[in-house]
Amino acid sequence: MLPLDERPVAKLDRAVIFLGPPGSGKGTQAKGLAEKYGIPHLSTGDMLREHVAKGTPLGLMARPLMDHGELVPDSVILRMVAERIERPDCFHGFVFDGFPRTVTQAKYLGELLKQHGLKQPFVIFMVIGTSVLMKRMTGRRICKVCGEIYNIYERPPKVEGMCDIDGGELIHRPDDREEVVGPRLHAYEKQTAPLVVYYRRLGLLCDIDARKSVDEVRQDILQAVGSIRGER
Ligand code: AMP
């Protein structure tokens with residue numbers, strides 16, 4: 001039998017949500033899962049950073065909040081997400097990374113999915129203790145060109161500061177600096193962690209041990225997603 005990773009997959013037709021503290025590996029795994037199923041990877045953090053880079057009014061408003069590790073208001077995020085999932089590439093499902101982050105956002109998403117005729121979301125909860133996260137976040141480097149994620153402690157690039165894939169410059173996100181990581185973890189505990197209870201009560205949550213290696217976590221996620229396809 002082909003290894004899980006190499007087997008062809010059918011369409012997902014579902015929204016998958018990655019829930020977990022910053023630095024738990026949501027971005028890496030969400031990107032991989034979206035590629036595997038040929039559906040969009042929707043990172044609200046990336047969308048906001050694009051607005052910041054372009055200097056749009058939304059970007060100007062969001063920047064100081066992001067720089068301090070605080071959440072951007074629900075109304076802004078919800079408008080941005082609603083617009084994005086209207087696009088045809090989302091008709092067969094999508095993978096959310098960094099959304100929802102509050103119970104208000106989760107409730108709104110539930111309504112949106114209903115309107116779009118999509119099933120209940122499948123929520124992957126990346127379980128990891130906060131002590132490991134500081135190192136993961138401060139060590140994170142991201143390719144400016146392709147978005148590949150490295151970690152100078154756990155998964156360094158072959159050449160310092162350069163992407164192995166395309167030679168792009170590796171950047172250190174301003175909010176991955178030590179002084180912002182604390183407030184980001186605090187925002188997670190206060191505003192996002194209640195979503196674990198919310199989705200568990202709805203029976204939509206799947207716990208994944210995020211302390212394992214990137215490849216092991218990927219296999220666990222593929223197995224979990226494969227087992228729910230078409231069931232709920
Ligand atoms: P991320 O790349 O997901 O870690 O997000 C970076 C920053 O963008 C966060 O620290 C927040 O300031 C903001 N952000 C991203 N997604 C959301 C969201 N769903 N709700 C509120 N703020 C968000």
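**Note on salt bridges, a helix contact and a pocket**

1. Arginine 136 counts as buried, at 14% relative accessibility (buried means under 20% relative accessible area, exposed over 50%, partly exposed in between, with a 1.4 Å probe and protein chains only). The model is predicted: local features need pLDDT of at least 70, side-chain atom pairs count only at pLDDT 80 or more, and totals for chains, interfaces and linings use all residues. Residues are numbered from 1 along each chain as its sequence is written, and side-chain values use heavy atoms, with hydrogens and water left out.

2. Arginine 136 forms a salt bridge with glutamate 154, at 3.7 Å from N to O (a salt bridge is a side-chain nitrogen of Lys or Arg within 4 Å of a carboxyl oxygen of Asp or Glu). The arginine lies in helix H6 (residues 130–138) and the glutamate in the loop between strand S6 (149–151) and strand S7 (170–171), so the pair ties together parts that are 18 residues apart in sequence. Helices (H or I, at least four residues) and strands (E, at least two) are DSSP runs, numbered from the N terminus. Glutamate 154 is partly exposed, at 48% relative accessible area.

3. Glutamate 148 and arginine 155 also form a salt bridge, with 3.1 Å between the closest N and O atoms. Here glutamate 148 is buried, at 18% relative accessibility, and arginine 155 is partly exposed, at 37%.

4. In the salt bridge of aspartate 175 with arginine 184, the closest N and O atoms are 3.8 Å apart; both residues are buried. The two belong to a salt-bridge network that links Arg140, Arg173, Asp175, Asp176 and Arg184. The whole structure has 16 salt bridges.

5. Helices H5 (residues 103–115) and H8 (residues 194–201) have axes that come within 9 Å and cross at roughly 35 degrees. Axes are lines fitted to C-alpha atoms, for helices over the stretch in contact, and angles run from 0 to 180 degrees between N-to-C directions. Val103, Ala106, Lys107 and Leu109 of H5 meet Pro194, Leu195, Tyr198 and Tyr199 of H8 (contact means heavy atoms within 4.5 Å). By class, these residues are 7 nonpolar, no polar and 1 charged.

6. The second largest pocket has a volume of about 390 Å³. A pocket is an open set of points on a 1 Å grid over the protein atoms alone, where a 1.4 Å probe fits, with protein on both sides within 12 Å along at least five of seven lines; lining residues have an atom within 4 Å of a point. Its lining has 16 residues, with Met47, His51, Met80, Arg84 and Arg87 nearest the centre.

Terms used: Points joined across faces, edges and corners; volume = space filled by probe spheres on them. Nonpolar A, V, L, I, M, F, W, Y, C, P; charged D, E, K, R; others polar.
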